[in-house]
Amino acid sequence: MFAPLGLFKDVPCPQNQHCSLLTCIFSHKPVGHSLIDQGTPRDTHVVSRDTDGPILSAAKRIKLDSTIEEHAPKVIPTNQSRGADKARTEISPSVAAKKPQPANQGIAKPTLKSISKPVSPPRAETTPAKRDKPNTNVQGKTESRPPPRRAPKESLNPRMLTKAPAPHGVRLSIVTKLHAAMSSQNEKMGKDKESSDRYLVLSPNELVTMALDEEEKAAKDNPSIYSNVIKLRIVKLSKMSKDDWASEVKAHLNTRYYKLEPIQQPQKQKVLTTGLTTKEELAIVSKLITPLHGLEQFGYVTKPPTEEEVSSAEKGVVESKGWEKCDRCGGRFQVFPGRREDGSLTTGGQCTYHPGKPIYPPRKQTDHITGPRDTYYSCCNESIGTSSGCTKGNTHVFKVSETKRLASVLQFEKTPEQSNKGSRQPVCFDCEMGYTTMGLELIRLTAVSWPQGKQLLDVLVRPMGEVLDLNSRFSGVFPEHYANAIPYGTPIPEISDGEATRLHVVESPTAARALLFELIQPDTPLIGHAIDNDLNACRIIHPTIIDTVILYPHPRGLPIRMSLKALCKKHLDRDIQTGGNRGHDSKEDAIATGDLVRVKASETWKTLKAKGWQIEGGRLVPPPGAGKTEDAAIAERTLGPGAGQKRKDSALGEQ
């Protein structure tokens, strides 16, 4: 074994106060700090020896004596020992702090302040609403209450890099100076006790982490001019104003700890130009249709469940007696459609959960040395497994995914053919869902024309079950929307300045589905993102769909899917879903989905044109000799591997 030589002096002991080693190589500083606050000598490693016992450190001696006195029976001291015990136990903490005592006397008995000091209650779970609520300080001023943060315990030592821009000694010197400049600014911020940004005062661990992050970023981004960049940064920090330092700290905290997306103001979207006319885009869109055969395992419904299947699903619901699995926390609870006698809709009380998705940092080359990075939740930056949740819901909720059980609530219906209306242009549509006693139900339906993006339908939907949670964080539908809604068919009055937009409302999902059927035919391309969820919410079986999840597949394939927000940022350079807790806008999502299809149509036309395809009279004309084999090859390049074979099999089935 090698001699530790103090290598682990800054690493906290894994056993903490329960460590039983006589000479532990790890740090026990937290215990030492508590002793200083209680009036004990500063040296926490002073040893104490009983006449017939082993050598123990001061911290462990205190804990040992406390345990012995708590569990030992009270014994009346004799005359010989009464004076010594009285002298040792009646010393007040203030006197002990002023007058140094020998190590084997002043810290032996549990007459410390912590014995009589009340224990602080555990920190309650914080909901996002409470977290963002202003806090009133002693002076009566309001200060923001940000999410909790936890800084890793690191030593002031440059992090290991694959290609370091300078020797370790040079990097260590730079990190030390950078940390000193940051500490100076942090002290100035801490002296301003009347500031409303008290949470910006960093702890020692947070300062070390900030300095290491700054140095590592400079080393990776500018390795050739690393020394100059970091020196200029140190000079800038030393001359920085308090407001500028506050902005720097806010940016660091948001990047390192909070990982919160700021609410962005809606900005005017750029007009998408593909270089094609409307007729040309309509002619090309037929090449982007997604064959549904073979996708049933991923949630796409191609035929309605039979009466026997629906009957068995209904029987299963009755036998389960309302027991469901929570879609948020995973717990079991009972649901009572129509309400129980006491008026409750569910059991289990409040639901504690994480609304954000787990984030898995990518692996790095140094993970085998430093260990893999902890996975965390995007909503609160808490490591997975450390807490049950950061948000509380009033009730548990559930989601129904099985096709036959969905049909037991409302049967699926195929898009009817309307011979008197002729062919229709493609339609983009998007649905928002909320939790009810029937599961996840449709609460808003929006449809826009393609490629123009003009609104065709936008209605609120009254669900069939009692509402448990409108899922406003994602759906963007709040109770006031229903309170201010106008029955469908009634004109919406003009909106004055500052007044919220009012929507039409229909009385059931069946009525909303009927309105959508008026806009489409069976051969009308219906465009959506993860369109299986929207079709299942409406209980629609449509044979002609275009799904951007399949047009832009995830590298690992289904069932993993790219988010609409990520696709828009990558292919449209457009930010959507920026409302934060205000939720999504289904109209914005529908238009964005249609624009993604327009981009894919432009890419497809470049491939077709290179192969000799032409557009004549609003229709695609293949080159001489090109048939279904060429069509399958185009589908292969457009929709991904295997798509050409699926389309070919589908064509053979139709023959």
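Okay, let's start with Leu516: leaving out residues up to four places away in sequence, Leu516 touches Phe429, Leu445, Ala447, Leu457 and Ile540, where contact means heavy atoms within 4.5 Å. Bear in mind that this is a predicted model, where local features need pLDDT of at least 70, side-chain atom pairs count only at pLDDT 80 or more, and totals for chains, interfaces and linings use all residues. Residues are numbered from 1 along each chain as its sequence is written, and side-chain values use heavy atoms, with hydrogens and water left out.

So where does Leu516 sit? It's in the largest nonpolar core, which has 28 residues, and Leu516 is among those with the most contacts inside it, along with Phe429, Leu442 and Leu445. By nonpolar core I mean buried Ala, Val, Leu, Ile, Met, Phe, Trp, Tyr and Cys residues joined through side-chain atoms within 4.5 Å. Buried is under 20% relative accessible area, exposed over 50%, partly exposed in between, with a 1.4 Å probe and protein chains only. At least two residues of this core come from each of β12, β13, β14, α17 and α18; helices (H or I, at least four residues) and strands (E, at least two) are DSSP runs, numbered from the N terminus. Another core lies apart from that one, with 26 residues, including Val285 and Ile527.

Now over to helix α7, residues 168-191. Buried residues there include Arg171, His179 and Met189.

Last stop, Ser27, in the segment before α1. Is Ser27 buried or exposed? Buried, at a relative accessible area of 10%. Beyond its neighbours within four places in sequence, Ser27 contacts Phe8, Lys9, Asp10, Val11, Pro12 and Cys13.

Conventions
The expected span of a helix is 1.5 Å times one less than its number of residues.
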